[in-house]
Every structure is written in structure tokens, then in C-alpha cells.
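Here is a short briefing on one protein chain. Look at the sequence and the fold first, then read on.

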Amino acid sequence: MPRWPYAVMLVAVAVFTSLLTTGSAATASGGLPVRGDQLHVMTFNLRYASTTTPNSWAERRPVMASLLRRERPHLIGTQEGLFEQLNDIGDDLGSSYRSLGLGREGGSNGEFMMIFYDSRRLRVMAYDHYWLSDTPLVMGSKTWGGCCARMVTWARFLDRRTHKQFYAINSHFEAFDAVARSKAADLVLQREAQLDPKLPVIMTADFNEAGKPGETVYDKLVTNGPFRDSWVTAARRSPLYATFHGYRPLVPDGDRIDWILTSPGITTSAALINTYQRGGQYPSDHLPVQSAITLH
């Protein structure tokens with residue numbers, strides 16, 4: 001995809017910056033303003049590659065490619081992607097992007113918690129996986145009920161621009177069992193506590209729970225936990241929509257079940273729920289959530 005002329009990019013960023021105001025009723029759907037020293041982070045439930053129309057992967061892929069090429073986040077935590085679908089996305093993102101992931105059933109089997117990253121900006125220092133179960137190191141394990149195995153992919157990155165390191169944690173919590181979600185939050189907290197405490201942490205996920213106090217997972221991770229909700233702490237943000245739309249009309253001020261969480265060593269200047277679609281076709285049944293963050 002050809003790059004926008006520099007002057008056009010400046011105008012686009014200026015327009016979106018003026019619309020991104022705390023609590024505003026802005027209508028922009030893309031173009032998160034990100035300074036050179038900031039990281040552009042996205043969390044995105046991709047919707048698995050169904051062959052059923054409407055909204056098959058064949059129909060959605062061109063729209064997905066257009067969105068990702070337009071936004072070009074430095075770090076993308078994805079959920080639900082299948083092996084060949086993720087290969088397509090890697091091809092569409094281009095040669096500068098790399099990925100880390102494993103199917104939740106092992107190898108290339110099942111949905112991935114794939115992390116895509118721009119290798120021009122980020123370098124992998126370490127990575128691993130664990131399963132959201134009583135046996136987290138057993139591949140494909142599932143002990144808490146729910147529909148299926150759930151897992152975490154994590155990595156430690158070096159930001160080549162700022163020479164700072166950080167952790168990225170990516171997951172997809174259980175959709176149909178609140179107990180499993182609660183136990184998943186407990187395990188994430190246990191494992192997060194084992195990371196180098198000197199390094200900041202970014203967590204991307206479909207948490208399958210509304211992002212607000214009073215919800216079990218939110219309270220464990222944010223209200224009473226070590227994370228901050230980048231949507232809440234952002235200096236500027238876009239309008240709020242339910243991040244799961246199911247290919248139906250968007251719901252203003254709906255449940256925000258896809259979050260980008262950060263440790264206290266991070267600030268967020270802007271946050272965006274991206275409503276991009278083309279000709280009525282959305283790239284997924286979820287809206288991507290994006291943040292412009294600064295590591296300290």
C-alpha cells in the first residue's frame with residue numbers, strides 16, 4: 001500500500017488530534033497520534049477465519065489488511081486467529097513485521113494469542129506461553145470449565161528507539177464461565193509477579209468482561225491490582241463503543257471487553273476504539289482498541 005504524502009499525514013494527524021479529547025463526542029475512526037518516542041499498541045480479536053458468508057475471512061481479509069496497513073501499530077496483541085489466517089495477516093503487514101505465537105491446542109492447532117510486532121522498532125529478548133489452568137505448563141490444558149483451552153503468550157521486548165525494555169502479555173479469557181475468568185486473572189497476577197519488577201508491562205486481551213469497576217476480573221487486575229486501564233488513564237480518547245459488535249450496528253457507550261492494561265511505569269497520551277469499515281464490511285466482529293504509550 002503506498003504511503004500517504006507527508007503533508008496529507010500531517011493534516012490527518014492534526015484533525016484526529018483535535019477530535020481526541022477526554023469525554024468528547026468525536027467521530028474519527030482512525031489515525032491515532034503517536035509521537036516518535038511512543039509505542040503504538042493495539043489489541044484485536046480477529047474473529048477466526050470462517051468460510052461462511054457473510055463476513056467470511058475471504059470477505060474480511062482485504063478490509064483487515066487496509067486497517068492494519070493504515071494504522072501500523074508497533075505491537076499488536078491478537079486473539080482467535082487461526083494458523084493460515086495469521087499467515088495471511090503476516091503477509092499483508094509486510095516484511096518488517098514478525099510474530100510470536102502457538103495454537104492453544106499445541107503447534108499450529110487451534111486459536112492463537114499471536115503477538116505481531118514491527119521488528120524495525122522492537123526486538124524480542126525472551127518469550128514463552130502458558131495455559132490458563134491448574135497446570136499452566138501443560139499444552140492445551142483446561143481444568144476450570146468453559147468452552148475450551150485458554151492461554152497466554154508473553155514476550156520481553158527491547159524498544160530500539162528508546163533503548164527501554166518492557167513485557168507484553170496477550171490473552172483471551174473464557175467467554176462463558178465467570179469462575180474460569182476469575183481464576184485466569186489470579187494466574188496472570190501470579191505469573192506477572194514473577195517478571196522482572198524493574199520493567200514495565202503491557203497486557204492486551206479480550207477479557208470477555210466489561211471494563212469497569214465492580215466486574216470481577218477488572219477489580220482483580222485494575223481496581224485492586226497492579227495494572228492501569230489505558231482507556232481510563234489516557235489524556236485523550238475517542239468515543240466509546242461496545243468493542244464486540246457481532247456485525248450489527250455499533251453500540252455507543254457499550255461494554256468495552258477488549259482492554260490494553262499497563263503497569264504504573266507507563267503513561268498513555270491517547271486511546272482509540274477504531275470503527276474502521278469499508279462498504280459496510282468490518283474486519284472482525286470486534287473493534288480494535290489502540291493506545292499511544294510512553295515507557296518510563
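The residues lining the largest cavity split into seven nonpolar, one polar and three charged. Here Ala, Val, Leu, Ile, Met, Phe, Trp, Tyr, Cys and Pro count as nonpolar, Asp, Glu, Lys and Arg as charged, and the others, Gly among them, as polar. This is a predicted model: local features need pLDDT of at least 70, side-chain atom pairs count only at pLDDT 80 or more, and totals for chains, interfaces and linings use all residues. Residues are numbered from 1 along each chain as its sequence is written, and side-chain values use heavy atoms, with hydrogens and water left out.

**Cavities and a pocket**

- Some terms come first: on a 1 Å grid over the protein atoms alone, a cavity is a set of points where a 1.4 Å probe fits but cannot get out.
- A pocket is an open set with protein on both sides within 12 Å along at least five of seven lines.
- Lining residues have an atom within 4 Å of a point.
- Grid points are joined across faces, edges and corners, and a volume is the space filled by probe spheres set on the points.
- The whole structure holds two cavities of 30 Å³ or more.
- The largest cavity has about 80 Å³ of space.
- Its lining includes Leu132, Trp144, Arg150, Phe173 and Glu174.
- The second largest cavity comes to about 40 Å³.
- Among the residues that line this second cavity are Ile115, Ile169, Asn170, Ile202 and Thr204.
- Six of its lining residues are nonpolar, three are polar and no residue is charged.
- Strand E2 (75–79), strand E7 (165–172) and strand E8 (201–206) each give at least two residues to that lining.
- The second largest pocket contains about 310 Å³ of space.
- Of the 20 residues lining this pocket, Ala175, Asp206, Asn208, Phe244 and His286 lie nearest its centre.
- The pocket lining has seven nonpolar, five polar and eight charged residues.

**The chain as a whole**

- The protein chain has six helices and 13 strands.
- Helices (H or I, at least four residues) and strands (E, at least two) are DSSP runs, numbered from the N terminus.
- Of its 296 residues, 55% count as buried.
- Buried means under 20% relative accessible area, exposed over 50%, and partly exposed in between (1.4 Å probe, protein chains only).
- Among contacts (heavy atoms within 4.5 Å) with a separation of 6 or more, 72% join residues 24 or more positions apart.

**Nonpolar cores**

- A nonpolar core is a set of buried Ala, Val, Leu, Ile, Met, Phe, Trp, Tyr and Cys residues joined through side-chain atoms within 4.5 Å.
- The largest one has 26 residues, and Leu132, Phe173, Met203, Phe207, Leu221 and Leu261 touch the most other members.
- Elements giving two or more residues to this core include strand E6 (151–159), helix H4 (178–192), helix H5 (216–223) and strand E11 (258–262).
- H4 gives the most, with five residues.
- A second, separate core of 23 residues includes Ile115, Phe166, Ile202 and Ile273.
- Leu221 touches Ala185, Leu189, Phe207, Pro226, Phe227 and Leu261, leaving aside residues up to four places away in sequence.

- Two strands pair if DSSP finds at least two bridges between them.
- E6 and E7 pair antiparallel over seven bridges, with Trp154 partnering Ile169 in E7.
- Five residues separate E6 and E7 in their hairpin, and His163 in the turn has a positive phi of about 65°.
- Seven of the eight residues of E7 are buried.
- E7 and E8 pair parallel over six bridges, and Asn170 has Thr204 in E8 as its bridge partner.
- E8 in turn runs antiparallel to E11, joined by five bridges, with Thr204 opposite Ile260.
- In a regular strand, side chains alternate between the two faces of the sheet.
- On E11, Asp258, Ile260 and Thr262 on one side and Trp259 and Leu261 on the other are all buried.

**The open sheet**

- Seven strands form an open sheet in the order E3-E4-E2-E1-E13-E12-E10, with mixed pairing.
- Its edge strands, E3 (97–100) and E10 (236–237), each pair on one side only.
- E3 and E4 (residues 115–118) run antiparallel with four bridges, and Ser99 stands opposite Phe116 in E4.
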